[in-house]
Amino acid sequence: MKTLQEITSDLKNRFGENTILVDIQDVSEVTGLSAGTIKNYINSGYLLPKHVKLGLGKNASIRFFLTELAYYLYSLQSREYKGGKDGTYNTNNS
């Protein structure tokens, strides 16, 4: 199992050291989910890291914070991610 720091480092190596936000296609490549599935999950508020919508329109671009994506991937492997619309995480190690 990779540590959070290792996952973050891997993502920074992949997308660039100074990258803060990644788009849906980037998340698709990392997670193996299709872009359409990610969009459906965003619309339903299901099982994704926190994201920002860059505009008010229906088709505004969506970006994910690289650090949130790293934590999401880490928590999936350790089964800590709760999912849902609030995007909460279980930090209990019990």
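S75 sits in helix α4, where helices are DSSP runs of H or I of at least four residues and strands are DSSP runs of E of at least two, both numbered from the N terminus. The model is a predicted one, in which local features need pLDDT of at least 70 and side-chain atom pairs count only at pLDDT 80 or more, while totals for chains, interfaces and linings use all residues. Residues are numbered from 1 along each chain as its sequence is written, and side-chain values use heavy atoms, with hydrogens and water left out.

S75 has a relative accessible area of 0%, so this serine counts as buried. The word buried stands for under 20% relative accessible area, exposed for over 50%, and partly exposed for anything in between (1.4 Å probe, protein chains only). The side chain of S75 also reaches the backbone oxygen of Y72, at 3.0 Å.

Helix α4 itself takes in residues 66-77. Its 12 residues should span 16 Å at 1.5 Å a residue, and the end C-alpha atoms are 17 Å apart, so the two figures agree. The expected span here is 1.5 Å times one less than the number of residues. Besides S75, the buried residues of α4 include L66, L69, A70 and the tyrosines Y71, Y72 and Y74. L73 is buried as well.

L66, another member of α4, has a relative accessible area of 2%, which means that this leucine is buried too. In sequence, L66 and L21 are 45 residues apart, yet their C-alpha atoms are 5.5 Å apart in space. Leaving out residues up to four places away in sequence, L66 touches L11, K12, F15, T19, I20 and V22, a contact being heavy atoms within 4.5 Å.

How does this fit into the whole chain? The protein chain holds 4 helices and 5 strands, and along the sequence they come in the order α-β-α-α-β-β-α-β-β. Of its 94 residues, 30% count as buried. Among contacts between residues at least 6 apart in sequence, 47% join residues at least 24 apart.

Now for helix α2, residues 24-31. At its start, a side-chain oxygen of D23 comes to within 3.2 Å of the backbone nitrogen of Q25. Just after the helix, G32 takes a positive phi of about 85 degrees. The buried residues of α2 are I24, D26, V27 and S28, and they pack against α1 (4-15), β1 (21-23), α3, β3 and α4.

S28 of α2 has a relative accessibility of 11%, so S28 counts as buried. Its side chain reaches the backbone oxygen of L33 at 2.5 Å. Not counting residues up to four places away in sequence, S28 touches L33, S34, A35 and I38.

Leaving aside residues up to four places away in sequence, V30 touches L11, R14, F15 and L73. V30 and L69 are 39 residues apart along the chain, with 9.3 Å between their C-alpha atoms.

Helix α2 packs with helix α3 (residues 35-44) at an angle of about 110 degrees, their axes 9 Å apart. Axes are lines fitted to C-alpha atoms, for helices over the stretch in contact, and angles run from 0 to 180 degrees between N-to-C directions. The angle makes α2 roughly perpendicular to α3, a label for 65 to 115 degrees, with under 35 being roughly parallel, over 145 roughly antiparallel and the rest oblique. On the α2 side, the contact is made by I24, Q25, V27, S28 and T31, and on the α3 side by A35, I38, K39 and I42.

F64 lies in strand β3 (residues 61-65). With a relative accessible area of 0%, F64 is buried. Among the residues that F64 touches, not counting those up to four places away in sequence, are I24 and V27, along with I38 and I42. F64 and H51 are 13 residues apart in sequence and 4.5 Å apart in space, C-alpha to C-alpha.

Key
Polar contact = N/O pair within 3.5 Å; in protein donor to acceptor, adjacent residues only side chain to side chain.
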